[in-house]
Amino acid sequence: MNNFICREDSKHPPGAPLQQLEPIAAVATPVGEGAISIVRMSGEGILNIGDKVFQKTTHPQFSFNVAKTHTAHVGNIINQSNQMIDEVVAVLYKTPNSYTTEDSIEFNCHGGVIVTETVLQTLLEAGCRLAEPGEFTRRAFLNGRIDLVQAEAIGEMIHAKTTAAYRSAMAHLKGALSEKLSKLRESLLEACALLELELDFSEEDLEFQNRDEFKHNLSAMLEELEALADSFNYGKFVSEGISTAIIGRPNAGKSTLLNALLGKDRAIVSAIPGTTRDYIEERFVLEGLLFRLIDTAGLRQSADELESEGIKRSYEKIEEADLILYVHDGQNPLSEVETEEIRQLQKRSPHAKFLLLCNKSDKLQSKNNPKLSGLTSGIKPIQISALTQLGFDELKSEMKTVASGMDAIQEGSAIVTNQRHAEAIRLAIERLKVAQSLAKEDAETELITSDLRDALHQIGSIIGQVTTDDILNHIFEKFCIGK
Ligand SMILES: Nc1nc2c(ncn2[C@@H]2O[C@H](COP(=O)(O)OP(=O)(O)OP(=O)(O)O)[C@@H](O)[C@H]2O)c(=O)[nH]1
Ligand SMILES: [Mg+2]
């Protein structure tokens, strides 16, 4: 059974003490040898636990209960058998001014697997429970210090593989998306409240919410939500990378191109057509932008069962691609078959960007621009050599252009990068569109408010105003222990 947590209901009145949950502890730094590692604990009673295990060097009577927040203390960790475990610096954060909002202590120990594990063990023996993945961040969320979008942004920041992903996580952490969604939610809540007030006074036939104004506001909200939904097309690039299919006839030089971009011999290259059978996928970061390069089996009719399966998989990859790099052996003119293939590919993947790469230009005396008759305008051929990397500057610059939209992230604007958010926004749009057409038909107020409430629920679920344990578990299980 889902346990509903409605943060609005559980919000603490101003000035009231925050809720402190059972004490937890975990190692907050990666496992391994290093200069220092941090073991942290948080929750109710950790000040007493700290006093049990920590002896301040200069002040044996020292107590965390009396010490001020945001202070650092040098001392020893002592276990139950009175053995000294490590010399540490303890940093104290008192509620509500800590990461979790609870009382927290971070012990800076000597880095090293055994030292760190033994310090942690001492805290567990003194009364802490081992924290679950993301539990510290989950507490920060439950106590209202951050919303769910911000909690997820912390996870995204830790896992960011590119500067673009890092920038978007930072924008989310600063609240760019939360703010936008909160404003939308407030407008929706107000419209909903006014309509529901009419229902309370239905016998008097009062109109609290002017219908024209309502329809106008609804359109504006839909416009904003649709812009956010559209931003996911770019946001997806940031989080998952731009899916880039390298395709073309056998022997055109696709695998050589993959290897050259990656700077390593990832795929087998040979002069025998049909070398690549299954597709190969590799991450490639170009000036902070993530591309997922997919080398595919050369496209041709083949009687070979394995090769045919590879070609089938190549077509599937092409359909999912955001960018298609069509590799053509530039020593020959673009054949009828290739022209038809490109035409079909453009039809199949109308949203994908397309670059025509005329490869092996190292073999040519002069530039040999292929005749593009029969192809839609806008296809710009780029002369390259996968072997010598001739023309790679132009190729990389075109690849970067495809990833346009970078500016938006640099400005810290609200971009949807998370599948969960995108899905909730899609459902909210669906409900609001129903409300909009009901309003146009002058339908019963009750029907309209029901769809508005559904849309409100969806938007609230993104920021975490309304959420379930299942959703929270799903989000926080992806975090590391100690975060
Ligand atoms: N001169 C020259 N040879 C190249 C270039 N790119 C690839 N080749 C050669 O072309 C042959 C085929 O290269 P691959 O990279 O295996 O071609 P492919 O498109 O992956 O081929 P399949 O996997 O069979 O579809 C190899 O002998 C490469 O060395 C280039 O830019 N210049
Ligand atoms: Mg190949």
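**Entry 1: confidence**

I noted the ground rules next. This is a predicted model, in which local features need pLDDT of at least 70 and side-chain atom pairs count only at pLDDT 80 or more, while totals for chains, interfaces and linings use all residues. Residues are numbered from 1 along each chain as its sequence is written, chains are lettered from A and ligands numbered from 1 in the order in which they are written, and side-chain values use heavy atoms, with hydrogens and water left out.

For the protein I read a mean pLDDT of 86. Of its residues, 91% reach 70 or more.

**Entry 2: overall form**

I looked up the secondary structure and found 16 helices and 15 strands. Both are DSSP runs numbered from the N terminus: helices are H or I with at least four residues, strands are E with at least two.

I checked the radius of gyration, taken over C-alpha atoms. The protein has 29 Å, whereas a compact globule of 483 residues would have a value near 23 Å. The globule rule is 2.2 Å times the number of residues to the power 0.38. Along the principal axes, the C-alpha atoms fill a box of roughly 85 × 75 × 40 Å.

Residues 24 or more positions apart account for 67% of them.

**Entry 3: surface and charge**

The accessible surface comes to about 24100 Å². Carbon and sulfur atoms hold 50% of that surface. The areas come from the Shrake-Rupley method with a 1.4 Å probe, and for residues only the protein chains shown count as cover.

Of the 483 residues, 48% are buried. The classes are by relative accessible area: buried is under 20%, exposed is over 50%, and partly exposed is in between (1.4 Å probe, protein chains only).

I found 50 positive and 71 negative charges, with mean positions 7 Å apart. Lys and Arg count as positive and Asp and Glu as negative; His and the chain ends are not counted. Each charge is placed at NZ of Lys, CZ of Arg, CG of Asp or CD of Glu.

**Entry 4: helix α9**

I went through α9 (residues 254-262), which is mostly covered, with nine of its nine residues buried. Among them are K254, S255 and N259. What covers these buried residues? The cover includes β9 (242-248), β10 (280-286), β11 (289-295), β12 (323-329), β13 (353-359) and α12 (392-402). Just after α9, I noted a positive phi of about 75 degrees at G263.

**Entry 5: backbone details**

I found a cis peptide bond from T95 to P96, with omega near 5 degrees. P96 sits in the loop between β6 and β7 (104-110).

I then turned to positive phi in residues other than glycine. Q389 has phi of about 70 degrees and is not a glycine. Q389 lies in the loop between β14 (381-383) and α12. Its relative accessible area is 38%, so Q389 is partly exposed.

D442 has a positive phi near 55 degrees and is likewise a residue other than glycine. I placed D442 in the loop between α14 (419-440) and α15 (445-463). Is D442 buried or exposed? D442 counts as exposed because its relative accessibility is 58%.

**Entry 6: single residues**

N79 is in the loop between β5 (71-78) and β6 (84-93). N79 counts as buried because its relative accessibility is 15%. Beyond four places in sequence, N79 is in contact with I85 and T122.

I114 belongs to helix α3 (residues 113-125). At 65% relative accessible area, I114 is exposed. I checked I114 against P273: 159 residues apart in sequence, 55 Å apart C-alpha to C-alpha.

I379 is in the loop between β13 and β14. I379 has 9% relative accessibility, so it counts as buried.

R431 is in helix α14 and is partly exposed at 26% relative accessible area. Which residues does R431 touch, not counting those up to four places away in sequence? R431 touches D451, D454 and A455.

How values were computed:
Contact = heavy atoms within 4.5 Å. pLDDT = per-residue confidence, 0-100.
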